[in-house]
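Thank you for passing this structure along for comment.

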Amino acid sequence: MTKHNFRSNTLPSVIMVGPVVLWLVFFIAIPLLYVAVMSFCSIDESYNIVFRFTTVNYKRLCDINYVQIYGQSILIAVLTTIVCILLAYPFSFLIARTTSKSKAFLYMLVIIPFWTNSLIRIYGWRTFLGTSGWLNMLLMKIGLVDSPVNMLFKRGTTVLGMVYCLFPYMVLPLYTAIEKLDKSLLEASSDLGAKGPQTFFRVILPLTSSGIFSGSIMVFIPTLGYFFVSDILGGGNSDVIGNLIERQFQSGNNWPLGAALSIILIVITLLLVKLYQKCGGDMESLGV
Amino acid sequence: MKKIIALLLSSVMALSFTACGGGTAGEGGSESAAAPTGETLNVFVWTEYVPQSVVDKFTEETGIKVNLSTYSSNEDMLAKVKAESDGAFDIIQPSDYMVEQCINQGIIQEIDLSKIPNFSNIGDAYKNPSYDPGNKYSVPYLGGVGGIAVNRAQITDDIDSYADLFDPKYEGQLVVLDDFRAVIGIAAKSLGYDFNETDPEKLAEIKEQVLKLKNNIKLYDSDSPKSALISGECNLAFCWSAEIALANAENPDVEIVFPEEGPYLFFDNWCITSGSQHVDAAHKFIDYMSRPDVMQEVLAEFPYLCANTAAVEAMGEEYSANPAKNPPADVIAKGSYVKNLDTDTIATYDEIWTELKK
C-alpha cells in the first residue's frame, strides 16, 4: 500500500463523501437515535428527562384514546389521499398533454402559491370559510342560504386544508408518470378497438400507477404529522398523530412520551414505504 | 494505514465543523461588544405582550441594545432556556407556577430589589405572591383572569358560573383556551373541587364533567380566541380577560362574566436567568418596565390585569372601571393559580384531555 494509491483512490472519495456522511450522521442518525433513546427514558418530578430505562411510554401509547386518534389520523390521511388523487389526476393529465407554453403556465399555477408560507395560506382559508367570511357572504347574497353555514372546525375542513397543502406532492409524481406514457400504446389500444374508458382503465391507469403510488405516499405520510392544519382549520376537534406529539413536547411537557409517539410515526412511515416497495414502487420517484 | 488516515481525515473535518461553530459564536460575542454601550440584553417574552416601541425607547435612553425573542408556552420557554448555553437569555417572563419551577431548577437568580426603585409602583395585592414569597426572584408584570365571554346579542340567559358552560344547550357555541390545565381546572371548579385537584376519585368525576364540554366546544384556541368572538363564529368563550376586552372593543355585544366559583388566574413575571452575563443591565430593564409611564404604553396596547397600580391609576377611569381590562379586586381574591402537580396526576390530566379531544 503506497501513498500514491491512497491519494488516487481513497482521498478523493473521502473528500467527496466525507462531508455528506458527517452531515447524515450528525443531523439525521444521531438525532434519530436520540429520539429512540429518549422514548425509553423517564421524567422526574420537575419534568426533566432522566436516563432511567422504562417502557411506560410505550404502554401509554396503547391507551384506547391514543389508538382512536391514530385511527382518526389514518382516516384523515386516507380521505386526503383519495381527494388528492381525484383532483390531481385530471390536472396532471392536462399539464402532460398540453402545449409547452400552457404547460409552464399550469405548472406555475401549482408552484406559485407555495412560495407563500403555508401557515398564512391556512389562516386565509379560515377567514374565507368563517361564518362572516367571503364564502358565506356570497352564498347569502345569491340567496342560497339564509343564515351563515358552519363550515369551519370540522373533520372535513381539516381534510380540505391537508389537500390544499399537499396537492403539489401528488401532482408532481403523477405528471412525471403521465409524461412518460408512450403515445403509441394509446394508438395501439384504439386500433384494437378499445373505447375511451377501456383504454383508460386497462392501459393508462396501470401504466401510471407508479405515479399514483408515490404521490399517495408523499401525501399520506405528511398528513399524519401536519398538526397545524388540524389545529387551525379543525379547531382542535380532529387531531392527527402530529398533534399528540406536539402536545407532549409543549404543554404536556413529557418529552419521552412525545419521543415514543414520534417513533410510532416513524414506524408507520417505514411500514408504508416497505409496502410501497413490495407493490413494485420505485424509491427514486419518492425523491429518495 | 488507509483506515487510520481516513479516520484522521474525518476527525479533522469534524473538528473544523466545531471550529466553525466556535468561530461564529465568537463573532457574535465581539459584535455585541462593539455596540454603543457594549451591552446587549437578550429578552425572552410572551408573544403579543411587550410592544417593540417600549423596548426601543429603553435602548434610546440607556444605549443598551435589546434582542427581543418570543415564546407561546411556559414549557417551550423552559426547554429553550435549558437547551441554550448560559447567557443566551438574560431576562425571561415565566408565569406563576413556572416561576416556582424555575427556582427549583436553578434557572433564575435572585433579584436585587434595591436596584429596582420602581418596584414601589407594584400594588400590595401583587407583592409577595405564593409562588415566590418576598419577590426574591420575580417582579410581577401583567396577568389576567380566565373569564367567560358572552355575546349578549345571541345569548340572553343568565350566565354567571363556569358550570353554565357545561349546559348541553350551548352545543357548538364555545371557544376555549387550548390548555389542558385550564379546561380541566374549570371543570373541577364547576363541581366545587379544587382547581388543581389531585384526588383520583374526584378526577374520575371531573373527567365525566369535562366530556360534557365535548359537544359544546367548537374551537380550541389559545392564541387569539377573540377572533372567533368578534366574527360571531362563537357566542361563548372561556378565555383571558384581556382577549375579552379586545373583543368588546370591536363588538360591544361581547361582555365579560366573572364565574362565581372564582376564576382561573395567571400572572407573568420578570426574572433574570442564572446564566445572565448582564445582570446590571437586566435590573435596569426590569426597573424601566416597572415605570408607570412605560406600563401605560404597554396597557394601551395589551389591556391585561396590571400589577403596576400607579400605571393603572394613571390610565384613568375608562381603564380602571372596565372589568375586562381591570378585573375587580374581589374577583382576583377568589381566583386560583395553576400549581405544579406530580407526574402521575399530570398523566391522568393528559388522559382526560386526550379523551376530550379525540
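1. On overall dimensions, chain A has a radius of gyration of 24 Å, against the value near 19 Å that a compact globule of 288 residues would have. Please bear in mind throughout that this is a predicted model. Taken along the principal axes, the C-alpha atoms of chain A fill a box of roughly 70 × 65 × 35 Å, and 32% of the 288 residues of chain A count as buried.

2. The secondary structure of chain A comes to 12 helices and two strands, and their order along the sequence reads α-β-β-α-α-α-α-α-α-α-α-α-α-α. Among the contacts in chain A with a separation of 6 or more, 69% are accounted for by residues 24 or more positions apart.

3. Chain B contains 14 helices and 12 strands. Of its 358 residues, 44% count as buried, and of the contacts in chain B between residues at least 6 apart in sequence, 75% join residues at least 24 apart.

4. How many residues of each chain take part in the contact between chain A and chain B? On the side of chain A there are 28 residues, and these are in contact with 32 residues of chain B. The elements that give two or more residues to this side of chain A are helix 1 (3-38) and helix 3 (64-96) of chain A, and helix 1 of chain A gives the most, with six residues.

5. Helix 9 of chain A contributes A:Phe213, A:Ile217, A:Phe220, A:Ile221, A:Leu224 and A:Gly225 to the contact, while helix 12 of chain A contributes A:Leu265, A:Ile268, A:Thr269, A:Leu272, A:Val273 and A:Tyr276. The residues of this contact between helix 9 and helix 12 of chain A divide into 10 nonpolar, two polar and no charged.

6. Helix 12 of chain A also packs with helix 11 (residues 241-249) of chain A, where the axes come within 7 Å and cross at roughly 160°. Helix 11 and helix 12 of chain A are therefore roughly antiparallel to each other, and helix 11 of chain A passes helix 12 of chain A in a left-handed crossing. From helix 11 of chain A, the residues A:Ile241, A:Leu244, A:Ile245, A:Gln248 and A:Phe249 meet A:Trp255, A:Leu257, A:Gly258, A:Leu261, A:Ser262, A:Ile264 and A:Leu265 of helix 12 of chain A. The residues of this contact between helix 11 and helix 12 of chain A divide into nine nonpolar, three polar and no charged. A:Leu265 is listed in this contact and also in the contact of helix 9 of chain A with helix 12 of chain A.

7. Phi of B:Asn128 is near 55°, a positive value in a residue other than glycine, and B:Asn128 lies in the loop between strand 4 (108-109) and strand 5 (139-151) of chain B. B:Asn135, with phi near 50°, likewise has a positive value in a residue other than glycine, and its place is in the loop between strand 4 and strand 5 of chain B. Are these residues buried or exposed? B:Asn128 is exposed, with 11 other C-beta atoms within 10 Å, whereas B:Asn135 is partly exposed, with 19 other C-beta atoms within 10 Å.

8. A:Asn5 lies in helix 1 of chain A and is exposed, with 11 other C-beta atoms within 10 Å. Between the C-alpha atoms of A:Asn5 and A:Cys84, which are 79 residues apart along the chain, the separation is 54 Å.

9. A:Phe128, placed in helix 5 (residues 118-129) of chain A, counts as partly exposed, with 13 C-beta neighbours inside 10 Å. Not counting residues up to four places away in sequence, A:Phe128 touches A:Gly133, A:Trp134 and A:Leu135. A:Phe128 and A:Leu152 are 24 residues apart in sequence, and their C-alpha atoms are 9.7 Å apart in space.

Conventions:
Residues are numbered from 1 along each chain as its sequence is written. Chains are lettered from A and ligands numbered from 1 in the order in which they are written. This is a predicted model: local features need pLDDT of at least 70, side-chain atom pairs count only at pLDDT 80 or more; totals for chains, interfaces and linings use all residues. Two residues are in contact if their C-beta atoms, placed from the backbone, lie within 7 Å. Helices (H or I, at least four residues) and strands (E, at least two) are DSSP runs, numbered from the N terminus. Ala, Val, Leu, Ile, Met, Phe, Trp, Tyr, Cys and Pro count as nonpolar, Asp, Glu, Lys and Arg as charged, and the others, Gly among them, as polar. Axes are lines fitted to C-alpha atoms, for helices over the stretch in contact, and angles run from 0 to 180 degrees between N-to-C directions. Angles under 35 degrees count as roughly parallel, over 145 as roughly antiparallel, 65 to 115 as roughly perpendicular and the rest as oblique. A crossing is left-handed if the near helix is turned anticlockwise from the far one by less than a right angle, and right-handed if clockwise. The radius of gyration is taken over C-alpha atoms; the globule rule is 2.2 Å times the number of residues to the power 0.38. A residue is buried if 20 or more other C-beta atoms lie within 10 Å of its own, exposed if 12 or fewer, and partly exposed in between; C-beta atoms are placed from the backbone.
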